[in-house]
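Here is my note on the model you asked me to look through. Please read the numbered points with the structure open beside you.

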Amino acid sequence: MNGTVSNYPSTAVLLQHLVKLFFGCLAAVTCGMMYAVYLSTYHERKFWFSSRQELEREITFQGGNGLYYYYYKYMLAASSFEKGINDLMRDNRTISAQTINAVEQLSLYPELITSFLYRVTGSQDMIEPVYFYIGVVFGLQALYVTALFVSSWVMSGTWVAGMLAVAWYIINRPDTTKVDYAIPLRDNWALPYFSCQVAALTGFLRNNISSSGEMFCYLLLSASTFTFILIWEHSHYVLFIQSLALFLLDCFDLVQPRKMADIHKVYLCSIILAYMLQFQNPSLLSSPLLSLLLLIGQNMKAGRMAARLMKIVLHFYLVFTIGITFSYIIKVSVICKDLSINLCIYQSHAILIPRDFVTNLLLCQEGFQSPGQDYFLRLTQASVLPFYLLVLLVCLLSTLQAIRRRLSGEPIKAKLRLEDGMIGEQPEVIYHVFHTLLFGALAMLMKYLWTPYVCMFTAFGVCSPELWVTVFKWLKLKSVHPVVLGLILSTAVPTIIGFSLWREYFPRLISELSELQEFYDPDTVELMNWIKTQAPTAAVFAGSPQLMGAVKLCSGWTVTSLPLYTDINLLRRSENIYQVYAMRSAEDIYKILMSYKASHVIIEEAICGEMNPSKGCRIKDLLDISNGHVIYEKGEMYTFSKYGRFCQEIKMNYSPYINYFTRVFWNRSYHIYKVNTVVSFQY
């Protein structure tokens, strides 16, 4: 009888835990699904997608990223999946006078997998290919916010934190995702897996996790890490920042050594597998992540505080020194096209030196532009930034206290009680403190990586009773018990924030879905129709890389360059083709185009006649600086050359230009000139 009665409390606790888990999972999945439906509805209202023809739909893939969708279409049109892959690995119909491995160079695994799923699921009779492709991307975005939900839920212990994290993520969508305007981008495929990896890592680091839960988190961590590395060329840099956060945890004995060893195995195995599947990608061998993993040792935990700190500093020095040396060796001994690009970018941010066209072009890309004051203003208006700073301050101070205790010889507390008020003793919380600090230091370059985790981390903090109890333990309140006050505030604060966000932002989200927007580009449609119907089948088009991506997508014709920023050879090609907007002679431009076997060149009025008052990032300015056609006087930039700007002079039909080029198409936005094959170089 007594034994039966004694089982009631444990059964009740188990039942309560299962009910809480069920409703939390239901809320997480519901948030993800609602976000996917929201994206789909917004996309339809913005582009009127369902009522457009195929060509107009493809033009909505802006910024050249539609090139990835072209390869998805190509795989579906291939007679077999195997033949499609073989053709892409020996692609000589995309870039003129060059055969490329498109799978390797463009990281096309997402398109390969999506086209395979479209074939094997029999979706041909149920859904159009473009809707299937977009649906997969939106589904991954649902996975993204679901993983953020889970991370915040795991740390705070309440799924209210997850809902608040998702709400902040959606409200700050201009700063958290690019999926609104660039669906096929590699970021939109890769970052959901990174979010899953962070959620799995958060659960794996917990001290009080069960063995089955730990195994599940470890398997999810392994799968998501490998997938993340496989499909995004910059993933190993992101994981390097993450590994630094874990390295600091390990150095100060803030996490179990066994778990750190398991995480290192995940990193190493993922790099090795991705290296093989990415056709022996040399950038993975020179990755700072690999350098860090190879140099990790246990001797940093021995000795006094000063000695350990010196060892940590020395270790960082060795990591960066060996990483740069190894990168140089790989670059010299292996044909590597993209190792120097990221180094060039970060070096140019760090020191002011004269830069060439390629470096300037990369620094002018949106992803490398420092966010302005409006970015922080938006975060403040959504109440994210003020609470983030509060949560970060509390967690950081508590973490420093935990580090001091570890250095003093105190062991890790396996079980923490709410009344202990030691939120900095939780390994998963400490990891996220280091994570947000390290990524925050790079927020000027990586706001799309940092902002989602600011939303998640802030939501965890305001909903966590442990955080509020930690604060009140420091304040040493006597009138009210810290635990009682912590429980009250962990419920009241997110409730007030939630109602405030609902009143302020919910009407805006509804208006976005109800407001009919119109995206129509008749000039581009006319251009693509002319190319598809009038251009010879052997035509080779030259122009800006972004436009060439659209030409390849809509027509399939061969082009001279592609919108890729990880291949230095293609970037140099783009620089040469961009000379049509520089102050160069007709003969120079003709020789450049003939060297790439171009039969037609497209001049864009948006580039040629750009009148942006903020000089420095216009293509014309970058070319003038690179070509030495610029002088500076009293802080002003002036251009000079004995030749006029080619894109403007060619419209005048002067004799040198009409000898080399014949205009065959024009409208308000584009001019197409045929490159004459027989011409005299005498003016």
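**Notes on the predicted model**

1. The structure holds 32 aromatic pairs, where rings of Phe, Tyr and Trp (its six-membered ring) pair if their centres lie within 6.5 Å, and where planes under 30 degrees apart count as stacked, over 60 as edge-to-face and the rest as tilted. One of these is formed by tyrosine 69 and tyrosine 72, whose ring centres are 5.5 Å apart with the planes at 40°, so the pair is tilted. Both tyrosine 69 and tyrosine 72 belong to helix 3 (residues 66–77), where they stand 3 residues apart, about one turn of the helix; helices (H or I, at least four residues) and strands (E, at least two) are DSSP runs, numbered from the N terminus. Tyrosine 69 and tyrosine 72 are both buried, a word that means under 20% relative accessible area, with exposed meaning over 50% and partly exposed in between (1.4 Å probe, protein chains only). One aromatic cluster is made up of Phe61, Tyr69, Tyr72, Tyr133 and Trp189.

2. Before going further, please keep in mind that this is a predicted model, in which local features need pLDDT of at least 70 and side-chain atom pairs count only at pLDDT 80 or more, while totals for chains, interfaces and linings use all residues. Residues are numbered from 1 along each chain as its sequence is written, and side-chain values use heavy atoms, with hydrogens and water left out.

3. Tyrosine 388 and phenylalanine 457 are both buried. Tyrosine 388 lies in helix 20 (residues 384–407) and phenylalanine 457 in helix 22 (residues 447–463), so their pair ties together parts that are 69 residues apart in sequence.

4. Taken as a whole, the chain has a secondary structure of 32 helices and 7 strands, and buried residues make up 52% of its 683 residues. Among the contacts in the chain with a separation of 6 or more, 72% are accounted for by residues 24 or more positions apart, contact meaning heavy atoms within 4.5 Å.

5. An open sheet is formed by 5 strands in the order 2-1-3-7-6, with mixed pairing; two strands pair if DSSP finds at least two bridges between them. At the edges are strand 2 (558–559) and strand 6 (661–666), each of which pairs on one side only. Strand 1 (residues 540–542) pairs with strand 2 in the parallel sense over 2 bridges, and phenylalanine 541 has valine 559 in strand 2 as its bridge partner.

6. Which strands does helix 25 touch as it packs on the sheet? Helix 25 (residues 522–534) touches strand 1, strand 3 (600–604), strand 6 and strand 7 (670–675), and its direction makes about 25° with that of strand 7. Helix 26 (residues 545–555) also packs on the sheet, touching strand 1, strand 2, strand 3 and strand 7, and its direction makes about 125° with that of strand 3. For these angles, axes are lines fitted to C-alpha atoms, for helices over the stretch in contact, and the angles run from 0 to 180 degrees between N-to-C directions.

7. The largest nonpolar core has 159 residues, and those with the most contacts inside it are Ile531, Phe541 and Ile602; such a core is a set of buried Ala, Val, Leu, Ile, Met, Phe, Trp, Tyr and Cys residues joined through side-chain atoms within 4.5 Å. Helix 7 (residues 129–156) supplies the largest share of this core, 13 residues. Leaving aside residues up to four places away in sequence, isoleucine 531 touches Phe541, Val551, Ser555, Trp557, Ile602 and Ile672. Apart from this core lies another, of 30 residues, among them Ala542, Ala598, Val601 and Tyr673.

8. How many disulfides does a search of the whole structure find? The search finds 2, a disulfide being a pair of cysteine sulfur atoms within 2.5 Å. Cysteine 364 is joined to cysteine 617 (S to S 2.0 Å), and the torsion about their S-S bond is about -85°, so this disulfide is left-handed. Cysteine 608 is joined to cysteine 647 (S to S 2.1 Å), with a torsion of about 85°, so this disulfide is right-handed. Cysteine 608 lies in helix 29 and cysteine 647 in helix 31 (residues 646–649), 39 residues apart.
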